[in-house]
Amino acid sequence: MYRKEFIKTVGVLAVGTVGGFLINSCSVIKYAQYSIDRNKLVVKKSEFSDMQKFVLLNVSGLPAAIYLRKNENETFTALLTQCTHKGCEVDPDYDMLSCPCHGSKYSSAGEVISPPANEPLKKFDVLTDSENIYIQI
Ligand code: FES
């Protein structure tokens with residue numbers, strides 16, 4: 001009887017853990033489409049759904065992806081996802097970017113929250129019009 005209870009409990013915990021991981025890994029990180037107009041990346045605002053708070057852009061020639069975040073006041077922030085400590089690519093989340101190499105954390109504005117990095121992420125100038133977001137690279 002005790003053994004059955006134990007197996008049942010472990011089974012429920014295992015399913016809960018796997019389910020949590022899948023849900024977590026399903027929180028989609030979207031790579032957005034863009035075009036290039038001279039030295040600007042042009043991203044359609046429609047790349048952001050109501051639920052999509054940030055997208056990544058894979059841009060050839062850059063050492064890491066660009067994190068493009070939609071802010072609450074309809075402005076956008078574009079950051080290079082290269083850690084300023086030793087250059088690893090940081091992992092984006094809604095409110096924070098974390099470095100998997102030595103644990104630095106950055107705010108969604110690119111400011112250092114926790115070391116060892118002590119410089120903010122590279123930030124790109126961003127302009128918008130009614131349809132598009134323009135990232136100066
Ligand atoms: S490379 Fe990011 S914390 Fe060291």
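These notebook entries record what I looked up in a predicted model of a protein.

**Basis of the entries**

I number residues from 1 along each chain as its sequence is written. The model is predicted, and local features need pLDDT of at least 70, side-chain atom pairs count only at pLDDT 80 or more, and totals for chains, interfaces and linings use all residues, while side-chain values use heavy atoms, with hydrogens and water left out.

**Entry 1: the whole protein**

I began with the secondary structure and found 1 helix and 12 strands. Helices (H or I, at least four residues) and strands (E, at least two) are DSSP runs, numbered from the N terminus. In order from the N terminus, the elements read α-β-β-β-β-β-β-β-β-β-β-β-β.

I then looked up burial. Of the 137 residues, 32% are buried; buried means under 20% relative accessible area, exposed means over 50%, and partly exposed lies in between (1.4 Å probe, protein chains only). The exposed surface comes to about 8900 Å², and carbon and sulfur atoms supply 56% of it. These accessible areas come from the Shrake-Rupley method with a 1.4 Å probe; for residues, only the protein chains shown count as cover.

For contacts (heavy atoms within 4.5 Å), I took the pairs of residues at least 6 apart in sequence. Of these contacts, 41% join residues at least 24 apart.

**Entry 2: strand β5**

I turned to β5, residues 76–80, and found 5 of its 5 residues buried. Phe76, Ala78 and Leu80 point one way from the strand, whereas Thr77 and Leu79 point the other way.

Which strands pair with β5? Two strands pair if DSSP finds at least two bridges between them. Strand β4 (residues 66–70) runs antiparallel to β5 and is joined to it by 5 bridges. Within this pairing, Lys70 has Phe76 as its bridge partner. The hairpin of β4 and β5 has 5 residues between the strands, and Glu74 there takes a positive phi near 65 degrees. I also noted strand β10 (residues 123–124), which pairs with β5 in the antiparallel sense over 2 bridges. In that pairing, Lys123 of β10 stands opposite Leu79.

As background, the strands of a sheet pair through backbone hydrogen bonds, either parallel or antiparallel.

**Entry 3: Thr81**

Thr81 lies in the loop between β5 and β6. Is this residue buried or exposed? I found Thr81 buried, because its relative accessibility is 1%. Leaving aside neighbours within four places in sequence, Thr81 is in contact with residues including Leu56, Ile66, Tyr67, Val90 and Leu97. Glu89 is also one of its contacts, and a polar contact of 3.3 Å joins the side chains of Thr81 and Glu89. A polar contact is a pair of N or O atoms within 3.5 Å; within protein, one must be able to donate a hydrogen and the other to accept it, and residues adjacent in sequence count only if both atoms are side-chain atoms.

**Entry 4: the cysteines**

How many disulfides does the model have? I counted 1 disulfide, that is, a pair of cysteine sulfur atoms within 2.5 Å. The disulfide is formed by Cys88 and Cys101, with their sulfur atoms 1.9 Å apart. The pair links distant parts of the chain: Cys88 is in the loop between β5 and β6 (91–92), and Cys101 is in the loop between β7 (96–98) and β8 (105–107), 13 residues apart. The link of Cys88 and Cys101 is left-handed, with -95 degrees about the S-S bond.

Cys101 counts as partly exposed, at 38% relative accessibility. I also looked up Cys83, which is buried at 4%, and Cys99, which is buried at 7%.

**Entry 5: an open sheet**

I found an open sheet of 4 strands in the order β1-β2-β12-β11, with antiparallel pairing. Why is one side of β1 and of β11 left without a neighbour in the sheet? Both stand at the edges, each with a single partner strand, so one side of each has no neighbour there. Over 3 bridges, β11 pairs in the antiparallel sense with β12 (residues 132–136). Here Thr128 stands opposite Ile133 in β12.

**Entry 6: Ile29**

My last entry concerns Ile29, in the loop between α1 (2–26) and β1 (35–37). Ile29 is partly exposed, with a relative accessible area of 37%. Leaving aside neighbours within four places in sequence, Ile29 is in contact with Phe54, Leu56 and Pro92. Ile29 and Val55 are 26 residues apart in sequence and 6.6 Å apart in space, C-alpha to C-alpha.
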